[in-house]
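Here is a short briefing on one protein model.

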Amino acid sequence: MKVTEHIKQAKGKTLFSFEIIPPVKGRSIQELYNNIDPLMEFKPPFIDVTTSREEYVYLDRDGLLDKKLTRMRPGTVGICASIKHKYNVDTIPHVLCGGFTKEETEYLLVDCHYLGLDNVMALRGDAMREEKFFEPTQGGHPYAIDLVRQIHDLNCGTYLHEVIETDDCADFCIGVAGYPEKHLEAPSLKSDLKRLKEKVDAGAEYVVTQMFFDNQKYFDFVKAAREIGITVPIIPGIKPIAVKRHLQLLPQVFRIDLPQDLIDAVDACDNNKEVRQVGIEWAVEQSKELKAAGVPVLHYYSMGKSDNIKAIAKAVF
């Protein structure tokens with residue numbers, strides 16, 4: 001079922017969803033199940049599965065370093081199929097511009113259609129570690145809007161190199177990212193909202209926001225989006241702080257501001273166990289306020305761990 005259909009059927013009730021990361025190559029998928037199992041009691045209508053960029057590794061070949069391109073966390077589509085089968089829940093693969101040619105993207109989308117996946121999240125993706133700025137893959141898309149257009153075209157039976165007359169067209173519900181504090185590369189929030197509007201006009205049907213820790217930023221973002229004609233559901237993304245290092249890491253990586261009250265509370269902690277509890281309590285208060293405001297879904301970035309997400313969900317749902 002499409003995300004938009006889940007929201008419509010909920011009739012104003014706030015839904016619970018979360019996002020997982022594929023395990024590193026060589027690790028068992030059971031580890032993933034062990035983190036999903038505790039969250040299923042909250043009846044998520046869908047689960048997102050991220051896709052990681054490729055990266056370079058250096059292999060020792062008789063004393064010389066050989067530079068090779070690899071993916072440390074493959075398997076997004078396979079994991080989506082496995083979770084869908086095991087838990088009977090909709091799964092949403094993240095589809096990236098970075099690291100994929102247009103042809104590879106088409107093959108991935110065809111596989112998703114064969115597997116009965118009804119939703120995809122269309123993202124540009126991050127720059128590779130070696131890149132200062134995002135560089136599109138040769139033969140790939142430079143921007144998320146181009147990816148949205150390709151998915152929309154495929155929904156209409158228009159493939160890269162031909163139009164196919166078929167009664168079995170894909171019908172993906174397309175999600176895109178939104179940034180309450182603007183994308184780190186955008187010159188302003190206004191220009192970033194303009195780009196978001198273009199993605200919606202191109203076929204995106206819902207938005208999931210980047211993490212934020214001040215709900216007012218989300219409320220202001222939604223208000224500004226509505227004022228320029230963005231009418232699709234805007235789902236808030238929540239990430240609980242878990243370690244002290246997040247105070248430096250999250251603003252650096254995601255270009256977000258942390259409220260001073262949260263900073264002070266984390267600074268007062270003697271260890272990461274206490275930090276984790278502060279993160280849970282802050283996310284619970286965030287979630288309760290957002291739920292009271294009638295958000296369609298509360299979407300949690302689990303980052304491979306579920307104990308804190310379970311504690312939050314237990315207090316909110």
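Which residue stands opposite I47 of β2? The residue is F18. The model is predicted: local features need pLDDT of at least 70, side-chain atom pairs count only at pLDDT 80 or more, and totals for chains, interfaces and linings use all residues. Residues are numbered from 1 along each chain as its sequence is written, and side-chain values use heavy atoms, with hydrogens and water left out.

**Strands around β2**

- Helices (H or I, at least four residues) and strands (E, at least two) are DSSP runs, numbered from the N terminus.
- Two strands pair if DSSP finds at least two bridges between them.
- Strand β1 (residues 15-20) runs parallel to β2, joined by 3 bridges.
- From β1 the chain passes through helix α2 (residues 30-36) to β2, a right-handed β-α-β crossover. Right-handed means that, with the strands pointing away from the viewer, the path from the first strand over the helix to the second runs clockwise.
- β2 also pairs with strand β5 (residues 90-96), in the parallel sense, over 4 bridges. T91 in β5 is the bridge partner of I47.
- In a regular strand the side chains alternate between the two faces of the sheet.
- In β2 (residues 46-49), F46 and D48 point one way, I47 and V49 the other way, and all are buried. Buried means under 20% relative accessible area, exposed over 50%, and partly exposed in between (1.4 Å probe, protein chains only).

- A pocket is an open set of points on a 1 Å grid over the protein atoms alone, with protein on both sides within 12 Å along at least five of seven lines; lining residues have an atom within 4 Å of a point.
- Grid points are joined across faces, edges and corners, and a volume is the space filled by probe spheres set on the points.
- The second largest pocket holds about 290 Å³ of space. It is lined by 13 residues, of which P23, E31, N35, R73 and G304 are the closest to its centre.
- That lining divides into 5 nonpolar, 4 polar and 4 charged residues. Ala, Val, Leu, Ile, Met, Phe, Trp, Tyr, Cys and Pro count as nonpolar, Asp, Glu, Lys and Arg as charged, and the others, Gly among them, as polar.
- P23 sits in the loop between β1 and α2. P23 counts as buried because its relative accessibility is 18%.
- P23 and R73 are 50 residues apart along the chain, yet their C-alpha atoms are separated by 5.9 Å.

- A cavity is a set of grid points where a 1.4 Å probe fits but cannot get out.
- The count comes to 1 cavity of 30 Å³ or more. The largest cavity has a volume of about 40 Å³.
- Its lining has 5 nonpolar, 1 polar and 3 charged residues. Among them are Y179, K182 and F254.
- K182 lies in the loop between β7 (173-178) and α6 (189-202). Its phi is positive, near 70 degrees. K182 counts as partly exposed, at 25% relative accessibility.

**Another positive phi**

- Most residues other than glycine have a negative phi.
- K11 has a positive phi, near 55 degrees. K11 lies in the loop between α1 (3-10) and β1, and is exposed, with a relative accessible area of 76%.

**Cysteines**

- The whole structure has 0 disulfides (pairs of cysteine sulfur atoms within 2.5 Å). For C112, the nearest cysteine sulfur is that of C80, 6.8 Å away.
- C112 is buried at 0% relative accessible area. C269 is buried at 8%.
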